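Student: Before we begin, may I ask that each term be set against its definition as we read this structure together?

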Amino acid sequence: GRRLARDLGGTEPERMAAPRFAQAVLQAFEGTEVEVEVLSDREAMEPEYPLLMAVARASQMVEAHHPRVVRMSYTGPGPVQRTLLLAGKGVTYDTGGADLKTGGAMAGMSRDKLGAAAVAGFVKTAALLATPGVKVVAELGLVRNSVGARGFVADEIITAHSGCRVRIGDTDAEGRLVLADLLSHLR
């Protein structure tokens, strides 16, 4: 599980852009008790993950940067005594969007996907240990916060999956937007 988290989270941004991250997760869980589903259809994702898709808007011009949501579910042996719901932020590259990071602040922003990597590693560990009495349900939001003409901007109001209206104050706060839609689904 630690190796999986390291490999997903510690690589450079093009090697683990959202589609490749999702594919690596699928491969990592082949032959395990973990059910994995990857959502990639943009039209289907818009109403289900509107905040995540707003963050992804400027990255839509490059197919290799298209967003993904990975859903995972593991149920250990025996009766379920505890259910864990986990959301993983997977911002594969964080430019800050329209609130662009400047002065060299973008170095290292390919590691903004470590939350999603850690969640995938945790699920892998639970499955490898055949952890009894536990059910783990996780969603990973994989997106690139790019700069571009289609990017979301401050002062936009976007209705989240939960139904709450969110006023964007800073496009560099993309992680909480991604997590809000994931948490709404897990709820």
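Student: How many aromatic pairs are there under the ring rule?
Tutor: The count is zero aromatic pairs. Rings of Phe, Tyr and Trp (its six-membered ring) pair if their centres lie within 6.5 Å; planes under 30 degrees apart are stacked, over 60 edge-to-face, and the rest tilted. Please note that this is a predicted model, in which local features need pLDDT of at least 70 and side-chain atom pairs pLDDT 80 or more, while totals for chains, interfaces and linings use all residues. Residues are numbered from 1 along each chain as its sequence is written, and side-chain values use heavy atoms, with hydrogens and water left out.

Student: What makes the charged end of Lys124 sit over the ring of Phe29?
Tutor: The rule asks that NZ of Lys or CZ of Arg be within 6 Å of the ring centre and within 35 degrees of the ring normal. The charged end of Lys124 is 5.5 Å from the centre of the Phe29 ring and is counted as sitting over that ring.

Student: Why is Ala126 called buried?
Tutor: Buried means under 20% relative accessible area, exposed over 50%, and partly exposed in between (1.4 Å probe, protein chains only). Ala126 has a relative accessible area of 7%, so Ala126 is buried. Ala126 belongs to helix α5 (residues 114-128); helices (H or I, at least four residues) and strands (E, at least two) are DSSP runs, numbered from the N terminus. Leaving aside neighbours within four places in sequence, Ala126 is in contact (heavy atoms within 4.5 Å) with Tyr74 and Thr131.

Student: How do you know that the span of α5 is close to the expected one?
Tutor: The expected span is 1.5 Å times one less than the number of residues. For the 15 residues of α5 the expected value is 21 Å, and the helix reaches 21 Å from its first C-alpha to its last.

Student: Why is strand β2 described as largely enclosed?
Tutor: Six of the eight residues of β2 (residues 68-75) are buried, so the rest of the structure largely encloses this strand.

Student: What makes β2 and strand β4 a pair?
Tutor: Two strands pair if DSSP finds at least two bridges between them. β2 and β4 (residues 134-145) have eight bridges, in the antiparallel sense.

Student: What makes the link between the side chains of Glu156 and Arg57 a polar contact?
Tutor: A polar contact is a pair of N or O atoms within 3.5 Å; within protein, one must be able to donate a hydrogen and the other to accept it, and residues adjacent in sequence count only if both atoms are side-chain atoms. The two side chains make such a contact at 2.7 Å.
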